[in-house]
Amino acid sequence: MKMKAVLIDRVTPAQSVKLTAIPVPAVKPGWVLVKVKAFGLNHSEKILRLSEINNRYIRHPVVPGIECVGEIADASDTDFTVGEKVCAVMGGMGRSFNGSYAEYALLPAHHVFHVDTSLSWAAFAAVPETYLTAWGSLFDCLKIEVDDTLLVRGATCALGYAAMQIANALGCRVIATTHRESKLSLLDDSVEKRLDGGKLAGELNGVTKVLDLVGPAVLKDSLSAVDEGGIVCQTGILGGIEALRDFDPIKDIPNGVYLTGYFSNSPTQAIFDDIFRFMDIHHLVPKIGAVFTFDQIKEACLTQDKGGADGKIVVTVE
Ligand SMILES: NC(=O)c1ccc[n+]([C@@H]2O[C@H](COP(=O)([O-])OP(=O)(O)OC[C@H]3O[C@@H](n4cnc5c(N)ncnc54)[C@H](OP(=O)(O)O)[C@@H]3O)[C@@H](O)[C@H]2O)c1
């Protein structure tokens, strides 16, 4: 049986993204077949298409897509049941094995999670990777608490919106930055808005935690923008620089400031149970920037490459 999927084996600008017919994967022990109902687009998939695909650790050719939501189509030898509502995220998905830009995805059962939610498939698809990362960055890394002042750097991305929602729900003071003046008005009035030209140190008062989504391009400045005793979590790389070549921990991390990083590669059922319970209690609905059908996958990727979507880009595969 054949299915529609995106398959890439070289650098692929959005303009060249297309659907192709490939076999529905055959199940194997420990892996389940998921009928993909929808998936969110991620900044990392843009990086995969535009450069990371050149690396040998990427499967060639590969179906991109690091997350999806859908239903179990074949439970193989696992405890899942056919028709069960699930999400799946990371663990090599869309990199070392085929991912979610397909009608079906064969996924390792330990990276597939049961979810009870009344969200539509499109809204559900905006949650897994984005809220997992916001949750882990805020709670596991930043140890966020109600009396914190959280600075979200590069806030006008799907992850930034999710992090601001969670911090607002907790009752924190939130300062949010964007690099585009035109995007200031997109930020919610519940947060303090700042234009971010790369230098905030010395300009802000009382920042106790920083969620840095711009990344190494501004990391040293973030470390200097937080109060003594504060924590900076390096989670995003929107600034286009992925690693620091010239970093002197003794001089670049101010005394009493803590630096941590988050990587969304270790999701668990317990974390997703916590996330969906929290979203339910606080009536959180993910901010969606645009929804496309699977036949519009090229348009979805064009929107991603162009930037400017105000929230998560979602593709439905029903
Ligand atoms: N550590 C992890 O495990 C993990 C997990 C998930 C995501 N991430 C990272 O988190 C970041 C956000 O991911 P996402 O998927 O939520 O992104 P996204 O929704 O695809 O959003 C990207 C948006 O950020 C804006 N942007 C681009 N350059 C920027 C800059 N220098 N400063 C501020 N904003 C900029 C772009 O719009 P404009 O240019 O129009 O403003 C674009 O709309 C990415 O760097 C991603 O790689 C990390």
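These questions and answers cover a predicted model, its ligand shell and one of its helices. Local features need pLDDT of at least 70 and side-chain atom pairs count only at pLDDT 80 or more, while totals for chains, interfaces and linings use all residues. Residues are numbered from 1 along each chain as its sequence is written.

Q: How many residues surround the ligand?
A: A residue is near a molecule if its C-beta atom, placed from the backbone, lies within 6 Å of it. The closest are Cys157, Ala158, Leu159, Gly236 and Ser264. The shell around the ligand counts 28 residues.

Q: Which helix gives the largest share of the shell around the ligand?
A: Helices are DSSP runs of H or I, at least four residues, and strands are runs of E, at least two, numbered from the N terminus. Helix H1 (43-50), helix H3 (128-141) and helix H4 (158-170) each supply at least two shell residues. The largest share, three residues, comes from H3.

Q: Where does the shell around the ligand lie, and why?
A: Domain bounds come from an automatic or database domain assignment. Domain 1 (2-127 + 286-316) and domain 2 (130-261) both give residues to the shell, so it lies between them.

Q: Which residues of H7 are buried?
A: A residue is buried if 20 or more other C-beta atoms, placed from the backbone, lie within 10 Å of its own, exposed if 12 or fewer, and partly exposed in between. On the other side of H7, Ala270, Arg277 and Ile281 are exposed. The buried residues of H7 are Phe272, Ile275, Phe276 and Met279.
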